[in-house]
Amino acid sequence: MSSPTTDLGVGQVGHAFMGAAHSQAWRTAPAFFDLPLMPRRRVLVGRDHDRTSEVARRFEWESVSTDWHELLTRDDVHLVDICTPSDTHAEIAIAALEAGKHVLCEKPLANSVEEAVQMAKAASAAASTHGARAMVGFTYRRVPALALARRLVQEGRLGRIYHVRAQYLQDWLADADAPLSWRLDRTRAGSGALGDIGAHIVDMAQHVTGRSITSVSGTMETFVETRPVAGTAATLGGTGSAGAERGPVTVDDTAVFTARMEGGVIASFEATRFATGRKNSLRLEVNGELGSIAFDLEDMNVLHLHDATADDAVGGFRRIVVTEADHPYIAGWWPPGHGLGYEHAFTHQVVDLVHDIAAGRDPSPSFADGLQVQRVLQAVEQSAHERCWQDVSGD
Ligand code: SOE
């Protein structure tokens, strides 16, 4: 393995759930993969100095700051990684791009189409003015089994695509007394299950099939309208300590929609945090004339493949354990059968981004891709509100 001679200084804003996943990725990527640039964990930014310092110590960041603006003027910071709630994405990303920094931004790209349009414009301007690159963190694209699913579709193994069935099922809000957090506040999160986890399946369905969603018909519901105000910051699992006071939930608990996609594909989507027993089940099934694929994130090293051209007597779904060296990303890791987990897709995201930056090419998913997903989310909300089909608007 060769050692890169040029540094890529990283400044990361946010250090909670996503912040930890990204910190780990920046640390792990150069240890397992040959990179053309060496990521340096220069600055970790958070509002609380002590808490930020503690995380920085654990993940070996060189310094901490309580003000993300500091990243804009530091010559040793080349990339700004945004792991904060989505109401802050637009301001930080646009400022960083204007300062000539590369940007990695968590999903959803923004809280509205208007913000996402401004971000996509800033990304395109920064690419031509500074050669700066911008990527949005639809991390599941880098789960090896899902990358393999896309490869099989691209190779024509499923033939004409008829159906996509996509679900993202969690249950951490099924307890009506799980406390409030920023994810339940529309002004901070933009939407609920729709933007937080529905955005992933929208991106995934489009990425795997290579077809865009053109129109949607949806419905949304908030099952539990008030929740305890968290005494401490609530975790994703809703286990923060809470008192008797309750506050309003201002986002959807579930969003369900049908969609038409390019090429005559008919799709269904379901995003919920009330699927009791389902912890983090992102499921995707694609049915085509020559066969089908099926995936569940709760069994993430496996892809099921059905070959519809095979003899009926031995037909049915085959279970592919996606841990062979010629499967996407696996060559950097362990011997066959020694499985990867949730964090590894974040490492792959960093690996791909660093290669794109070094090669001077636009990463995928780009901010333009993030904007397109935002348009789908907006169309679902409008459809649910107006109780009718909505076209997904273009530029
Ligand atoms: C981050 O990619 C993310 O979407 C979180 O925001 C969700 O809450 C998590 O459950 C899935 O990953």
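## Domains

The chain falls into two domains: domain 1 covers 7–139, and domain 2 is made of 144–299 + 301–340. The model is predicted. Taken over C-alpha atoms, the centres of domain 1 and domain 2 are 25 Å apart.

Where the two domains touch, domain 1 contributes 11 residues and domain 2 contributes 12 residues. The side of domain 1 that touches domain 2 consists of six nonpolar, three polar and two charged residues.

## Overall form

The chain holds 10 helices and 17 strands. Its radius of gyration is 21 Å, close to the 21 Å that the globule rule gives for 395 residues, so the chain is as compact as a globular protein of that length. Along the principal axes, the C-alpha atoms fill a box of roughly 60 × 55 × 40 Å.

## Burial and contacts

Of the 395 residues in the chain, 48% are buried. Contacts were also sorted by separation in sequence. Among those between residues at least 6 apart, 70% join residues that are at least 24 apart.

Strand β14 spans residues 291–296. Its covered face carries G291, I293 and F295, while S292, A294 and D296 belong to the uncovered face.

Strand β13 (residues 281–288) runs antiparallel to β14, and five bridges join the two. The pair β13 and β14 is connected as a hairpin through two residues. In this pairing, L284 stands opposite F295 of β14; F295 is one of the residues on the covered face of β14.

The pairing of β14 with strand β15 (residues 302–307) is also antiparallel and has four bridges. Here too the strands form a hairpin, with five residues between β14 and β15. The bridge partner of A294 in β15 is H304, and A294 lies on the uncovered face of β14.

## Summary of the strand pairings

How values were computed. Residues numbered from 1 in each chain as written. Predicted model: local features only at pLDDT ≥ 70, side-chain atom pairs only at ≥ 80, totals over all residues. Domains from an automatic or database assignment. Contact = placed C-beta atoms within 7 Å. Nonpolar A, V, L, I, M, F, W, Y, C, P; charged D, E, K, R; others polar. Buried ≥ 20, exposed ≤ 12 C-beta atoms within 10 Å, placed from the backbone. Pairing = 2+ DSSP bridges. Rg over C-alpha atoms; globule rule 2.2 N^0.38 Å.
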